[in-house]
Amino acid sequence: MKHLLSCKFNLDTACVELCFSDGSMVSIDTIAVENEVVNNMYQQSELDYLIYNDPAAYADLILNGDPAVYLKTVTEYQRLD
């Protein structure tokens, strides 16, 4: 069974990189994820917060969760009229 050894955001590649005990690595392209699931600046801000402050939670959300549902739940967007 593989265990997560490290999880960090690489600013040079804009990827969240996960290293496991069996030597495997996973790299999540954050720009590609944002292009697919983000609909407004509030959702982008929420993902950016996770990327910079808790990359392990971001990786868990992308790999095991549903980011579109998460973003709809935690962000509140209302148009100004």
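**Entry 1: helix H1.** I began with helix H1, where I noted that Asn35 and Glu36 are exposed. I record at once that the model is a predicted one. I then looked up the buried residues of H1, which spans residues 30-37, and found Thr30, Val33, Glu34 and Val37. Viewed down the axis of H1, these buried residues fall within an arc of 95 degrees, so they line one face of the helix. Asn35 and Glu36 are on the other side of H1.

Next I asked what covers the buried residues of H1. The cover includes strand S1 (4-10), S2 and S3, together with helices H2 (41-53), H3 (55-64) and H4 (67-74).

I also examined the N-terminal end of H1, which is capped by Asp29. A side-chain oxygen of Asp29 lies 3.2 Å from the backbone nitrogen of Ile31.

**Entry 2: H1 against H2.** I looked up how H1 and H2 pack, and found an angle of about 155 degrees with the axes 11 Å apart. An angle over 145 degrees counts as roughly antiparallel, and H1 and H2 are therefore roughly antiparallel to each other. The crossing of H1 past H2 is right-handed. I listed the residues that meet there: H1 contributes Thr30, Glu34 and Val37, while H2 contributes Gln43, Gln44, Leu47, Asp48 and Ile51.

**Entry 3: H2 against H4.** At what angle do the axes of H2 and H4 cross? I found roughly 110 degrees, with the axes coming within 10 Å. That makes H2 roughly perpendicular to H4. The contact is made from H2 by Gln43, Glu46, Leu47 and Leu50, and from H4 by Tyr70, Leu71, Lys72 and Val74. I noted that Gln43 and Leu47 of H2 take part here and also meet H1.

**Entry 4: helix H3.** I then turned to H3, whose buried residues are Pro55, Tyr58, Ala59 and Leu61. They cover an arc of only 160 degrees around the axis, which puts them on the same side of H3. I looked up their partners as well: the buried residues of H3 pack against S1, S2, S3, H1, H2 and H4.

**Entry 5: two loop residues.** I looked up Ala14, which sits in the loop between S1 and S2. Ala14 has a positive phi of about 60 degrees, although it is not a glycine. Is Ala14 buried or exposed? I found a relative accessible area of 16% for Ala14; the limit for a buried residue is under 20%, so Ala14 is buried.

Gly23 was my second case, and its place is in the loop between strand S2 (15-20) and strand S3 (25-29). Gly23 counts as exposed because its relative accessibility is 61%, and exposed means over 50%. I also checked Gly23 against His3: the two are 20 residues apart in sequence and 9.9 Å apart in space, C-alpha to C-alpha.

**Entry 6: the whole protein.** Finally I recorded the overall picture. The protein has four helices and three strands, and from the N terminus on the elements run β-β-β-α-α-α-α. Its C-alpha trace spans about 55 × 25 × 20 Å along the principal axes. I found that 32% of the 81 residues count as buried. Among contacts between residues at least 6 apart in sequence, 34% join residues at least 24 apart.

Conventions: Residues numbered from 1 in each chain as written. Predicted model: local features only at pLDDT ≥ 70, side-chain atom pairs only at ≥ 80, totals over all residues. Heavy atoms only, no water. Buried < 20%, exposed > 50% of the residue type's maximum accessible area, 1.4 Å probe, protein only. Arc of directions from axis to C-beta. Contact = heavy atoms within 4.5 Å. Polar contact = N/O pair within 3.5 Å; in protein donor to acceptor, adjacent residues only side chain to side chain. Axes fitted to C-alpha atoms, helices over the stretch in contact; angles between N-to-C directions. Parallel < 35°, antiparallel > 145°, perpendicular 65-115°, else oblique. Left-handed = near helix turned anticlockwise from the far one by under 90°.
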